[in-house]
Amino acid sequence: MTTTVYARVESPLGELLLVGEVPAADGPDTAEGVRLRSLSVPGQKGGVAVQDGWRHAFEAFTDVARQLEAYFAGRSTRFDVPVAEGLGTEFQRRVWAVLESIPYGSTVSYGEVAAQVGASGAGVRAVGTAIGRNPLLVVRPCHRVIGADGALRGYAGGLERKKLLLGIEGGAGRSEP
């Protein structure tokens with residue numbers, strides 16, 4: 001049995017909504033055992049909203065908030081955040097694993113992601129859909145995936161936020177993985 005907890009954190013992208021799961025035995029007021037289930041930005045396509053029964057517990061997210069602050073300040077290039085298990089389909093999880101392997105400051109194309117998961121041709125569209133359903137914006141860097149022509153395409157948080165994130169990373173242009 002788990003308890004769903006949430007917190008809001010200010011960022012250059014706007015107020016982030018962090019949602020996590022805490023094993024009931026740990027209680028929602030501890031950072032021990034919290035597993036991030038969602039990180040949403042305001043107005044995000046497919047973003048989550050706080051549900052009845054969820055508990056506000058900022059203290060459960062202090063480490064995540066600290067890591068986000070360091071990332072936005074340019075002091076950190078990676079996240080070490082426990083993530084809730086069982087999210088997404090098997091295909092989505094394969095795509096999301098590729099996202100996690102894209103180095104900070106680098107970009108890859110949707111086609112390159114598709115090739116890495118064995119989904120060529122029409123599979124690029126399925127890859128784009130899987131990327132669009134990434135529940136962990138910023139932490140799982142879907143913003144690092146761009147069009148084959150180097151253009152910024154598709155970001156559930158909006159293209160201006162994608163551009164801002166790539167600017168933070170110094171990777172506004174295309175580079176090979």
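Me: Of the contacts in the protein with a separation of 6 or more, what percentage comes from residues 24 or more positions apart?

Reply: Keep in mind that this is a predicted model. In the protein, residues 24 or more positions apart account for 60% of the contacts with a separation of 6 or more.

Me: What share of the residues is buried, and what part of the accessible surface belongs to carbon and sulfur atoms?

Reply: Buried residues make up 46% of the 177 residues, while the accessible surface comes to about 8600 Å², with 50% of it belonging to carbon and sulfur atoms.

Me: How should I read a helix such as H1, and which of its residues are buried?

Reply: The general idea is that an α-helix has 3.6 residues a turn, so residues three or four places apart point the same way. In helix H1, which covers residues 62–72, the buried residues are Val64, Ala65, Gln67, Leu68, Ala70, Tyr71 and Phe72. The cover over these buried residues includes strand S1 (2–9), together with S2, S3 and H5. Just after H1, Gly74 takes a positive phi of about 80°.

Me: How do I read the charged residues, and how many salt bridges does the count give?

Reply: In general, side chains of opposite charge can pair when their charged atoms come close. The count for this model comes to seven salt bridges. As for the charges overall, the mean positions of the 19 positive and 19 negative charges of the protein are 7 Å apart.

Me: Which side chain meets Glu15 in a salt bridge, and is Glu15 buried or partly exposed?

Reply: Glu15 meets the side chain of Arg8, at 3.4 Å from N to O. Glu15 is partly exposed, with a relative accessible area of 36%, and Arg8 also counts as partly exposed, at 39% relative accessibility.

Me: Which residue forms a salt bridge with Glu21, and in which strands do the two lie?

Reply: The partner of Glu21 is Arg37, with the closest N and O atoms 3.5 Å apart. This pair links distant parts of the chain, since Glu21 is in strand S2 (residues 16–23) and Arg37 in strand S3 (residues 35–40), 16 residues apart. Arg37 is partly exposed, with a relative accessible area of 21%.

Me: What is the N to O distance in the salt bridge of Glu169 and Arg144, and are these residues buried or exposed?

Reply: The side chains of Glu169 and Arg144 meet at 2.8 Å, N to O. Glu169 lies in helix H5 (residues 159–169) and Arg144 in the loop between helix H4 (123–132) and strand S6 (145–146), so the pair ties together parts that are 25 residues apart in sequence. Both Glu169 and Arg144 are buried.

Technical notes: Residues numbered from 1 in each chain as written. Predicted model: local features only at pLDDT ≥ 70, side-chain atom pairs only at ≥ 80, totals over all residues. Heavy atoms only, no water. Buried < 20%, exposed > 50% of the residue type's maximum accessible area, 1.4 Å probe, protein only. Contact = heavy atoms within 4.5 Å. Areas by Shrake-Rupley, 256 points an atom, 1.4 Å probe, with all protein chains shown as cover. Lys, Arg positive; Asp, Glu negative; His and termini not counted. Charge placed at Lys NZ, Arg CZ, Asp CG, Glu CD. Salt bridge = Lys/Arg side-chain N within 4 Å of Asp/Glu carboxyl O. Helix = DSSP H or I, 4+ residues; strand = E, 2+ residues; numbered from the N terminus.
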